[in-house]
Amino acid sequence: MSDGKFCPQCGNQVKGDALFCPQCGHQFTTTQTPDAPDTPQPTRASRHAPQQAPTPQPTGHHNRWVAIVLGVLALAAVVVVTSNLIIRNQEAAHQQALQASESRVQSSKRASESRRETKEKSLAATAKSVVTDIIQNDDDLDARCTEVTIESHDGGNQYSGYAEVEDDDDDSTTIDITITDVKYDDSVSVHIDGDQDDKLNETFYSND
C-alpha cells in the first residue's frame, strides 16, 4: 500500500485517505503528516515586531554636574545666611555703640551740670555777705541780704542774678546784681546798678 499511512497510535498501516484507524479507531486529521517533523515556523508578527529602545541611564558625567550645581547652591545659601548674620551683628554693635556714646554724653552733661550748680551755689553763698557789706558800708543802709540767686552764666567768670534784701522792720525788696568770680584770690565781687541803689534807698532807712 504505497499511498497508505501508519496510525500514530497503534502503528497499523491504513489507506492514505482513511479518516479512522480500523485497528484502534484513531481519528486522522486532514492536515496531519505523521512523517514530517514538527518544525516551528516563525510568525509574521515575530518577524516584524518593533524593537523597544533601551532606556538611557544617567551617566557618571551627568551625576558630577548635578553634584557641582547642588554644591554651588548650598555654598551660595551659606554665604547669604552668613552675610545676613554679619550685617545684623554689625547693626547691633552700631546701635550699642550709639547707646554707649549717648550714655557717655548724658553722663558728661549731668556731671557738668552738677559742677555748675555746685559752683553757682558757692558763688551765691559768698555773694550774700558781699551784698550785705555793700548795703551797710557803701550805701549806709540799715538792711541785709538774706538770699542770692544766680540765674545765668554770662560767659567767662561773670554771672547774673538777684539778691533779696530786708531789714528788721520787715521791709524787703529784690535787686538785680552782677557777680564776678575773682579766681585769683578765691573771692567774688558784686556790682549793683545805680537804679538798683535807688531802689534800696527808697525801701530802707539809712543808719544815720
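Buried means under 20% relative accessible area, exposed means over 50%, and partly exposed lies in between, with a 1.4 Å probe and protein chains only. By that scale, Arg116 is partly exposed, at a relative accessible area of 34%. This is a predicted model, where local features need pLDDT of at least 70, side-chain atom pairs count only at pLDDT 80 or more, and totals for chains, interfaces and linings use all residues. Residues are numbered from 1 along each chain as its sequence is written, and side-chain values use heavy atoms, with hydrogens and water left out.

**Overall layout**

- The chain has three helices and six strands. Helices (H or I, at least four residues) and strands (E, at least two) are DSSP runs, numbered from the N terminus.
- Along the sequence, the order is β-β-α-α-β-β-β-β-α.
- The chain counts 208 residues, and 18% of them are buried.

**Salt bridges**

- Five salt bridges are present in the structure. A salt bridge is a side-chain nitrogen of Lys or Arg within 4 Å of a carboxyl oxygen of Asp or Glu.
- One of them pairs Glu113 with Arg116, with the closest N and O atoms 2.3 Å apart. Both residues sit in helix 2, three residues apart, or about one turn of the helix.
- Glu113 is partly exposed, at 35% relative accessibility.
- Arg116 also bridges to Glu120, where the closest N and O atoms are 2.7 Å apart. This pair is in helix 2 too, four residues apart, about one turn of the helix.
- Glu120 is buried, with a relative accessible area of 11%.
- Another bridge joins the side chains of Glu166 and Arg144, at 3.8 Å from N to O. Glu166 is in strand 4 (residues 158-166) and Arg144 is in strand 3 (residues 144-155), so this pair ties together parts that are 22 residues apart in sequence.
- Glu166 is partly exposed, with a relative accessible area of 30%. Arg144 is partly exposed as well, at 33% relative accessibility.
- Shared partners link Glu113, Arg116 and Glu120 into one network of salt bridges.

**Surface patches**

- Patches are made of residues with over 30% relative accessible area and no salt bridge; like charges are joined within 9 Å, and nonpolar side chains (Val, Leu, Ile, Met, Phe, Trp, Tyr) within 5 Å.
- Accessible areas come from the Shrake-Rupley method with a 1.4 Å probe; for residues, only the protein chains shown count as cover.
- For charge, Lys and Arg count as positive and Asp and Glu as negative, while His and the chain ends are not counted. The place of a charge is NZ of Lys, CZ of Arg, CG of Asp or CD of Glu.
- Glu151, Asp176, Asp193, Asp195, Asp198 and Glu202 form a negative surface patch.
- Helix 3 (residues 194-203) gives the most to this negative patch, with three residues.
- Asp193 lies in the loop between strand 6 (187-191) and helix 3. Asp193 is partly exposed, with a relative accessible area of 39%.
- Val66, Val69, Leu70 and Leu73 make a nonpolar surface patch of about 360 Å².
- Val69 belongs to helix 2 (residues 60-138). Val69 is partly exposed, at 45% relative accessibility.

**Cysteines**

- A disulfide is a covalent bond between the sulfur atoms of two cysteines. Here, a disulfide is taken as a pair of cysteine sulfur atoms within 2.5 Å.
- The structure has zero disulfides.
- The sulfur of Cys7 has its closest cysteine sulfur in Cys24, 3.5 Å away, which is too far for a bond. Cys24 is likewise in no disulfide.
- Cys7 is buried, with a relative accessible area of 3%, whereas Cys24 is partly exposed, at 32% relative accessibility.

**Positive phi angles**

- Asp140 has a phi near 55°, a positive value in a residue other than glycine. Asp140 is in the loop between helix 2 and strand 3. Its relative accessibility is 25%, so Asp140 counts as partly exposed.
- Asp170 has a phi near 65°, again positive in a residue other than glycine. Asp170 is in the loop between strand 4 and strand 5 (172-182). At 69% relative accessibility, Asp170 is exposed.
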